[in-house]
Amino acid sequence: MATLERVLHRHLSALNARLVSDRGRRLLRDPQHPEGDELPRLLEVVRGAAGLFLAREQVAVLMAELEPLLPGGRSLRREVTVRIEDDVRVARLAARELAEHLGAGALFAQKLATAASELSRNIVSYTRGGALHISFDRGPPRRVRLVASDHGPGISNIDEILEGRYRSRTGLGKGLLGVRKLMDTFAISTGPAGTQVTTEVCLP
Amino acid sequence: MSQSSRNSAAGSDDPRRRTPSPVPLIELWGLLLLPLHGDVSDSQMDQAGAAVLGEIRQRPVEGLVVDVSGVWMVDSHLCALLARLTTAARLMGVPSVLCGLGPEVVQTLQAMDFDLRGIRTALGLEAALELLGIRGRSREGGRRWIAGPP
């Protein structure tokens, strides 16, 4: 219950958070310690009660934050090993799924999935493999972060690419520049030991 | 009205292989219609491209329509593959039109500063067919499609 109340506090005033958690508490055999089988019902009640105070999208984010409390609940992180083309598809689907899970709109989901696709495509095309981490940061501002890392040879002409002077035939520069334009923050470190791209987009 | 459909590649015999289903290629009034759908893989695009160019070589084809209304995401890679396919068709003398780009796809492509310049686009399938010389005509309240120059 303490975790529940902490999460509620992030979204609601103290009074309203209290109202919502009390409403949930009434269901429980032991008001301080919900048991596993009570959790799904508890979250449903919390969802309904939170809906009295929050907009629909805010409720979606709240519920997404609460869901990891459930046994077998999905966390707000995804990690995809990226080695072959199929992994690119897995990565963009994972990004879209997380966006939808957060209650974000179609355009946000599209942008996030496209950025995930571009970054993992680069890993597949230019390195032997790497990983894409997708995670939600409650902020503020609330945002989703993509971290693409690989142990490839590094990108030697990175400055040229980011300044847009590089006309690529293979698509590397286009994808990276596109991601930078699509997302709100973009940082890249690259060298002979590999490349790491960290990029974030804020939820509307 | 004649319409035939064929698969652009034979399905894999081995069910254990995770082969995405081949993209159908539809012959329609002297045109080729390639409807792409869902999450398009490289191998599907390879198959589709080979099937389109094979058809163009075998019979007179007056145009190619690539309908991406069922595609949920278009990234720079898929853009490049689409551009390559339509360019290849043009080099073989066949004009092509890409149709069905959704609003989120278009906004994302614009945000990334990608353009599909060099590819003729249309809003939907009807508009694409009209661009390639198929006219829609009202007749007795119904709509009938007639092949021929606009």
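In what follows, Ala, Val, Leu, Ile, Met, Phe, Trp, Tyr, Cys and Pro count as nonpolar, Asp, Glu, Lys and Arg count as charged, and the others, Gly among them, count as polar. With these classes in hand, one can describe the lining of the largest cavity in this predicted model, which has five nonpolar, three polar and six charged residues.

**The cavity**

Rolling a probe the size of a water molecule over the atoms shows where empty space is left. The structure holds one cavity of 30 Å³ or more, and the volume of the largest cavity is about 90 Å³. Its lining is formed by 14 residues, and those that lie nearest the centre are A:Arg92, B:Val40, B:Met73, B:Asp75 and B:Leu78. Two elements give two or more residues each to this lining, namely helix H5 (85-101) of chain A and helix H2 (76-91) of chain B, and the largest share, three residues, comes from H2(B).

**The two chains**

| Chain | Helices and strands | Residues | Buried share |
|---|---|---|---|
| A | eight helices, five strands | 204 residues | 48% |
| B | four helices, eight strands | 150 residues | 43% |

Read from the N terminus on, the elements of chain A run α-α-α-α-β-α-α-β-β-α-α-β-β, whereas chain B follows the pattern β-β-β-α-β-α-β-α-β-α-β-β along its sequence. The C-alpha trace of chain A spans about 65 × 25 × 25 Å along its principal axes.

**A buried residue of chain B**

In chain B, the residue B:Leu33 is found in strand S3, which covers residues 31-38. The relative accessible area of B:Leu33 is 11%, so this residue is buried, since the cut-off for that class is under 20%. Along the chain, B:Leu33 and B:Gly63 are 30 residues apart, while their C-alpha atoms are separated by 8.6 Å.

How values were computed
Residues numbered from 1 in each chain as written. Chains lettered and ligands numbered in written order. Predicted model: local features only at pLDDT ≥ 70, side-chain atom pairs only at ≥ 80, totals over all residues. Heavy atoms only, no water. 1 Å grid on protein atoms, 1.4 Å probe; cavity = no way out; pocket = protein on both sides within 12 Å on 5 of 7 lines; lining within 4 Å. Points joined across faces, edges and corners; volume = space filled by probe spheres on them. Buried < 20%, exposed > 50% of the residue type's maximum accessible area, 1.4 Å probe, protein only.
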